[in-house]
Amino acid sequence: MAVRIVPYLVFGGNAREAIQFYADVLDGRIEGILTFGDSPFPGMPEEAENRVMHAQLTVGDSALFFSDTYPGQDHRPGNQVAVTLLVDTVEEAERIYTALAEGAQEIALPLQQTDWSPAYAQVTDKFGVPFQINTVPADQA
């Protein structure tokens, strides 16, 4: 079993500015920035197009993930960090998701296949901790 834990920072529309700031401060490398407008989802509102859907900043052997909220989604300073669990098998994603979903405060996105992952989910566990589970097969990590 290989699980990596990555902090996921969520911003209310200024993620791009934050990514550049942390890259400069931490001497990090921006791996890529995907906007909501870049995504294959149809019917994207114009105000969402330039917001960051996902970005990665690599700092040494570690990473930080970033995104902006979707327009209209609640954002309060202090609730912008989620724990991302990177796993290498769908079975491991299912095991972790099942455990975190039991008694969860919110399941924002049930475990499912996405364009970027064979098994991805967003769940706030019974303690109020937001998690993202993202399956990245070992040969793609």
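Let me begin with a term that I shall need at the end: a residue counts as exposed when its relative accessible area is over 50%, and as buried when that value is under 20%. Please keep in mind that this is a predicted model.

Eight strands form an open sheet with mixed pairing, in the order 2-3-4-1-5-8-7-6. At its edges are strand 2, residues 29–35, and strand 6, residues 106–112, each of which pairs on one side only. From one strand to the next, the twist averages 20 degrees.

Within this sheet, strand 7 (residues 120–124) and strand 8 (residues 130–135) run antiparallel and are joined by five bridges. Tyrosine 120 has asparagine 134 of strand 8 opposite it.

Next, the helices. Helix 1, residues 15–26, lies across strand 1 (3–11), strand 2, strand 3 (52–59) and strand 4 (62–68), and runs at about 0 degrees to strand 3. Helix 2, residues 90–101, also packs on the sheet, where it touches strand 1, strand 5 (81–87), strand 6, strand 7 and strand 8. The direction of helix 2 makes about 165 degrees with that of strand 8.

Finally, the backbone feature. Most residues other than glycine have a negative phi. Aspartate 27, in the loop between helix 1 and strand 2, has a positive phi, near 55 degrees. Is this aspartate 27 buried or exposed? Its relative accessible area is 69%; the cut-off is over 50%, and therefore aspartate 27 is exposed.

Methods
Residues numbered from 1 in each chain as written. Predicted model: local features only at pLDDT ≥ 70, side-chain atom pairs only at ≥ 80, totals over all residues. Heavy atoms only, no water. Pairing = 2+ DSSP bridges. Helix = DSSP H or I, 4+ residues; strand = E, 2+ residues; numbered from the N terminus. Axes fitted to C-alpha atoms, helices over the stretch in contact; angles between N-to-C directions. Contact = heavy atoms within 4.5 Å. Buried < 20%, exposed > 50% of the residue type's maximum accessible area, 1.4 Å probe, protein only.
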